[in-house]
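Me: I'm new to this one. Can you walk me through it?
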Amino acid sequence: MNSPYKTIKSLGVMCSGGDSPGMNAAVRAVVRTAIGLNIDVYGIYKGYAGLLEGNVQKMQIASVSNIVQRGGTILDTSRCLEFFTPEIRQEAAHILCRKQIDGLIVIGGNGSFQGAMDLHREHGIPVIGIPGTIDNDISGTEYTIGFNTAVQTAMDAVDKIRDTASAHARTFLVEVMGHRSSWIALQVGVCTGAEHVVLANEVIDYEKIAGDIKKGIERGKTSSIIIVAEGEKAGLSYQIKEVLMKDFNINVHACVLGHIQRGGTPTALDRLIASKMGYAAVHALKDGLDAHVTAIKKGELTMVPLANCLQGKDDSLSFEVNLIYALGI
Ligand code: F6P
């Protein structure tokens with residue numbers, strides 16, 4: 001919905017849900033762009049939970065000095081399940097009104113965007129979303145801030161595991177993050193020459209995994225790496241390990257990379273896209289563009305309706321899936 005007559009004099013910016021490397025670059029761009037346009041900017045600390053506590057501070061240019069290269073988020077974050085309740089959102093709308101915050105920029109993933117959409121629909125608050133999650137699983141955008149850094153971190157880890165796997169002629173199951181999506185697993189699989197990638201939520205074909213490992217050994221391979229997308233709940237690689245050992249007599253090691261993938265210094269790509277998105281989000285609010293998301297489409301930055309960004313993105317038809325099959329033979 002456009003609201004061309006409402007001039008934004010102040011805005012709030014928050015990070016919500018799982019942090020991702022590059023969020024700080026986005027916050028910095030929001031703060032500095034807003035101040036440059038004479039818009040007051042308030043940092044909302046700890047996501048929606050912090051908003052409900054009134055944990056809000058006015059930001060200055062210096063508030064975001066020396067942060068572009070840091071992982072995590074200087075605004076802190078949280079997963080706030082109570083925000084799915086209408087009464088709680090009403091309370092949040094009152095707080096924004098009392099603090100005289102005219103518009104909101106939410107940096108986060110699917111759940112955070114749903115909260116922003118509900119706040120907008122129920123209380124008419126102008127909102128703009130900036131996609132920030134390592135999972136790259138938001139529909140409506142090809143890219144989410146933090147994904148590239150997470151892939152880089154996981155790839156570096158798998159390369160290290162490959163060294164020791166080769167030295168001992170071992171097979172490793174390496175589990176990567178992504179929740180219900182397989183984007184990290186697919187890209188890490190391609191970049192590390194994995195023998196097999198287990199996609200999130202696929203019916204696990206143990207015969208095929210065992211066959212791929214055995215085929216590699218017969219061809220003289222000294223190591224095998226199977227990338228496992230964690231799926232709904234972390235720890236899947238241990239379940240696969242059990243079956244491979246018990247039913248197929250294959251000795252495997254499991255390694256869950258875990259939260260190491262969420263931290264660390266953001267890559268140049270993440271800093272750049274985050275900075276562009278922060279800048280574009282402020283301009284969008286100023287121009288009266290409500291309920292939109294800063295998105296990447298065909299490689300270009302654009303604005304898409306928030307309503308188009310509320311479901312997970314399908315990864316099953318991605319180019320990477322075919323690439324994995326083609327290269328993993
Ligand atoms: O959404 C990002 C993410 O890192 C997922 O990949 C992962 O499943 C989840 O968050 C872990 O969440 P938490 O840190 O709350 O356990």
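Me: Which residues surround the ligand?
Reply: The ligand is surrounded by Arg79, Thr133, Ile134, Asp135, Met177, Gly178, His179, Glu230, His259 and Arg262. A residue is near a molecule if one of its heavy atoms lies within 4 Å of it. This is a predicted model: local features need pLDDT of at least 70, side-chain atom pairs count only at pLDDT 80 or more, and totals for chains, interfaces and linings use all residues. Residues are numbered from 1 along each chain as its sequence is written, and side-chain values use heavy atoms, with hydrogens and water left out.
Me: How far is an oxygen atom of the ligand from an N or O atom in the side chain of Asp135?
Reply: That distance is 2.7 Å. For Arg262, a side-chain N or O atom is 2.9 Å from a ligand oxygen atom. Arg79 also places a polar side-chain atom 2.9 Å from an oxygen atom of the ligand. A polar contact here is a pair of N or O atoms within 3.5 Å.
Me: OK, domains. What does the domain assignment give for the protein chain?
Reply: Domain 1 (10–146 + 266–311) and domain 2 (148–262). The bounds come from an automatic or database domain assignment.
Me: How far apart are their C-alpha centres?
Reply: The C-alpha centres of domain 1 and domain 2 lie 34 Å apart. The contact (heavy atoms within 4.5 Å) takes 15 residues from domain 1 and twelve residues from domain 2.
Me: And which domains does the ligand shell draw on?
Reply: The shell takes at least three residues from each of domain 1 and domain 2.

Note on methods. A polar contact is a pair of N or O atoms within 3.5 Å; within protein, one must be able to donate a hydrogen and the other to accept it, and residues adjacent in sequence count only if both atoms are side-chain atoms.
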